[in-house]
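Below are my notes on the model you sent. They are set out as numbered points, for reading beside the coordinates.

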Amino acid sequence: MINFDEEIKKFQPSLEVGEAEDAIYNKGTTDLADIFVEMMKEAEGTGERTNGML
C-alpha cells in the first residue's frame, strides 16, 4: 500500500514548474479585470454608454 506521508516527504517539484512560476509572476500579464478597466476608460473618453454600468 502507498504511504502518502512518505511520498509527500520525497516530493521534489520539477525545475520547469519553478521557472514557469517565476515567468508568470514577474511578467505584467493582462487579466480580465485589466481589460474591463481599459474598456471603461475608452468608453468614458468617447462618451459612450456602457449599458448602465459605471
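Predicted model: local features only at pLDDT ≥ 70, side-chain atom pairs only at ≥ 80, totals over all residues.

Is glutamate 6 buried, partly exposed or exposed? With a relative accessible area of 38%, glutamate 6 is partly exposed, because that class lies between the limit for buried, under 20%, and the limit for exposed, over 50%. The points below start with the model as a whole and return to this residue under the salt bridges.

1. The mean pLDDT of the chain is 80, and 81% of the residues score at least 70. Among the helices, H1 has the highest confidence, at 92, while H2 has the lowest, with a mean of 77. Remarks on H2 should be read with that mean of 77 in view.

2. Fold. The chain has three helices and zero strands, and its order along the sequence is α-α-α. H1 covers residues 4-10, H2 covers residues 15-26, and H3 covers residues 32-46.

3. Burial and surface. Of the 54 residues in the chain, 6% are buried. The accessible surface comes to about 5,500 Å², and carbon and sulfur atoms account for 58% of that area.

4. Salt bridges. The structure contains two of them. In one, lysine 9 pairs with glutamate 6, and the closest N and O atoms are 3.6 Å apart. In the other, lysine 10 pairs with glutamate 7, at 3.3 Å between the closest N and O atoms. Both distances fall under the cut-off, because a salt bridge requires the nitrogen to be within 4 Å of the carboxyl oxygen.

5. Spacing in H1. Lysine 9 and glutamate 6 both belong to helix H1 and are three residues apart, about one turn of the helix. Lysine 10 and glutamate 7 are separated by about one helical turn because they, too, are three residues apart in helix H1. Side chains of opposite charge can pair when their charged atoms come close.

6. Exposure of the paired residues. For the second pair, lysine 10 is exposed at 56% and glutamate 7 is partly exposed at 40%.

7. Negative patch. Glu16, Glu19, Glu21 and Asp22 gather on the surface as a patch of negative charge. One of these residues, glutamate 19, sits in helix H2. Glutamate 19 counts as exposed because its relative accessibility is 54%, above the limit of 50%.

8. Nonpolar patch. Leu32, Ile35, Phe36 and Met39 form a nonpolar patch on the surface, and together they have about 400 Å² of accessible area. Leucine 32 is part of helix H3. Its relative accessibility is 54%, so leucine 32 counts as exposed.

Methods. Residues numbered from 1 in each chain as written. Heavy atoms only, no water. Helix = DSSP H or I, 4+ residues; strand = E, 2+ residues; numbered from the N terminus. Buried < 20%, exposed > 50% of the residue type's maximum accessible area, 1.4 Å probe, protein only. Areas by Shrake-Rupley, 256 points an atom, 1.4 Å probe, with all protein chains shown as cover. Patch = residues over 30% accessible without salt bridge, like charges linked within 9 Å, V, L, I, M, F, W, Y side chains within 5 Å. Salt bridge = Lys/Arg side-chain N within 4 Å of Asp/Glu carboxyl O. Lys, Arg positive; Asp, Glu negative; His and termini not counted. Charge placed at Lys NZ, Arg CZ, Asp CG, Glu CD. pLDDT = per-residue confidence, 0-100.
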